[in-house]
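Please keep the sequence and the 3D view at hand while reading.

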Amino acid sequence: MTPMPVPSAWRHVLVVRLDNMGDVLMCTPAMRALKQAAPQARLTLLTSPSGARLAPHLDMVDGVTVFRASWVKPGHTGVVDDEADLVNWLRSERVDVAVIMTSATQSPLPMAMLCRMAGIPVRTAQARENPYALLSHWRRDVDRLGPGMRHEVERQLDLVGALGVPRPDSLRLGLTVRDADRLAARNALLAAGVLPGGPYIVVHPGATAPSRRYPAAMMGEAVRGLVAEGWTCVFCGSEDEREAVRTAREAIAGHTADLCGQLSLGELAALIEGASLLIGNNSGPAHMAAALGTPVVCLYALTNPQHTPWQVPARVMSHEVPCRDCLQSVCPQPGHPCLRNVSPHDVAIAARTLLAQPLAPTEPVHARATC
């Protein structure tokens, strides 16, 4: 095994996380630890187009580069990048430490091979199979998919800890909100009829994977009582989620604000930062809320237990099913029971509980439907 240089000798550290924006957010405590241990080093994040949207909001990162990996599920364009070009870029960047971050269900070895071909001397990742020379510093992957496995944040903190990097001064997810985005979000709220300074709830009915979407009409039904009680509810989402937002709003007998497709990522962060609560699925906005300290009611499909809201008051809503931990993007079960069997009534109760008395931020409550 290659001797490990101490962090004070590092000059250029590469962090690799090649999947979604929420996954990158859950790596930010580990990236903060790397930056605090080696402040003299340049810290570059190699990530997907989705993850790269966070670039202006990651204060622990010095640069972000996009790579669409052939071994990671591609986005809607289906485009992948050339591996030879990446190797040439890595050589030119003179990286001395590569930290390859993956979930417990992904392999780090394709990226490890490219880093070795680029001559990066220190290459570390968690892997189940013996990588031999592909990784200079192998950390055996001890996670097994199921209840009780490490949270994604803990997984990455353990990886950098094996490099001699102490835990950072804050374990909160990192997401910087700019003043310009706060002003733009305030103006968007005003244009939608929401008075400044008043409390509001953000509702996000979308998610990239269909298996992680609570039925939009049911989410609207859950919100309906909150609107009747006088809460201002603001719907958000991408252009692709406009139909889900429309369906949810149609289930509500009262006024709601619709900012779907109108906000940049930074403006969405500012909107969530100012909210009393976020109601949504296991998706990027839920992790943004965790980073910003906004309580979350999370409709959590039981596809993977690692990604619950981190260190924020939360209610994690799901219905126990024998097919849990399936990793499926599209639910193969009739009726999508792990989400559809959570009643809108229970979602509304969870929201009222958080609005009245936030929970201890380090212990999100997992609420299981019993029907």
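Predicted model: local features only at pLDDT ≥ 70, side-chain atom pairs only at ≥ 80, totals over all residues.

Helix α7, which covers residues 216–228, packs against helix α12, residues 344–356, at an angle of about 45°, and their axes are 8 Å apart. Two packed helices are described by the angle between their axes and the distance between the axes. Since an angle under 35 degrees would count as roughly parallel and one of 65 to 115 as roughly perpendicular, α7 and α12 are therefore oblique to each other.

The crossing in which α7 passes α12 is right-handed. On the side of α7, the residues that take part are M218, E221, A222, G225 and L226, and they meet P344, V347, A348, A351 and R352 in α12. Sorted by class, this contact of α7 with α12 contains 7 nonpolar, 1 polar and 2 charged residues.

## Salt bridges

How many salt bridges does the structure hold? The number is 20, and a few of them are described here. Side chains of opposite charge can pair when their charged atoms come close.

R352, already named as a residue of α12 that meets α7, forms a salt bridge with E229, in which the closest N and O atoms are 2.7 Å apart. This pair links distant parts of the chain, given that R352 is in helix α12 while E229 is in the loop between α7 and β8 (232–235), 123 residues apart. R352 has a relative accessibility of 31% and so counts as partly exposed, and E229, with a relative accessible area of 45%, is partly exposed.

In another salt bridge, the side chains of R68 and D81 meet at 2.9 Å, N to O. Both R68 and D81 lie in the loop between β3 (63–66) and α3 (83–93), so the pair ties together parts that are 13 residues apart in sequence. R68 counts as partly exposed at 32% relative accessibility, whereas D81, at 18%, counts as buried, because the cut-off for a buried residue is under 20% relative accessible area. Not counting residues up to four places away in sequence, D81 touches V66, F67 and R68.

R167 counts as partly exposed at 44% relative accessibility, and D158 counts as partly exposed at 22%. These two residues also belong to a network of salt bridges that links D141, D143, R150, E154, R155, D158 and R167.

## Helices with buried residues

In helix α4, residues 109–117, the buried residues are L109, M111, A112, L114 and C115. They pack against β1 (12–17), β2 (42–47), α3, β4 (97–100) and β5 (122–127). Just after α4 comes G119, which takes a positive phi of about 80°.

Helix α5, residues 152–161, has 7 of its 10 residues buried, so this helix is largely enclosed by the rest of the structure. Those buried residues are E152, V153, R155, Q156, L157, L159 and V160, and what covers them includes β1, α1 (21–37), β4, β5 and β6 (137–140). One of them, R155, is also a member of the salt-bridge network.

## A residue in helix α9

E273 is placed in helix α9, residues 265–273, and at 30% relative accessibility E273 counts as partly exposed. Which residues does E273 contact, leaving aside its neighbours within four places in sequence? They are V177, R182, L292 and T294. The C-alpha atoms of E273 and A289 are separated by 6.9 Å, although the two residues are 16 residues apart along the chain.

Most residues other than glycine have a negative phi, and most peptide bonds are trans. R94 lies in the loop between α3 and β4 and is exposed, with a relative accessible area of 70%.

Q311 is another residue other than glycine with a positive phi, again near 50°. Its place is in the loop between β11 (296–299) and β12 (314–319), and at 22% relative accessibility Q311 counts as partly exposed.

Definitions and conventions
Residues numbered from 1 in each chain as written. Heavy atoms only, no water. Axes fitted to C-alpha atoms, helices over the stretch in contact; angles between N-to-C directions. Helix = DSSP H or I, 4+ residues; strand = E, 2+ residues; numbered from the N terminus. Parallel < 35°, antiparallel > 145°, perpendicular 65-115°, else oblique. Left-handed = near helix turned anticlockwise from the far one by under 90°. Contact = heavy atoms within 4.5 Å. Nonpolar A, V, L, I, M, F, W, Y, C, P; charged D, E, K, R; others polar. Salt bridge = Lys/Arg side-chain N within 4 Å of Asp/Glu carboxyl O. Buried < 20%, exposed > 50% of the residue type's maximum accessible area, 1.4 Å probe, protein only.
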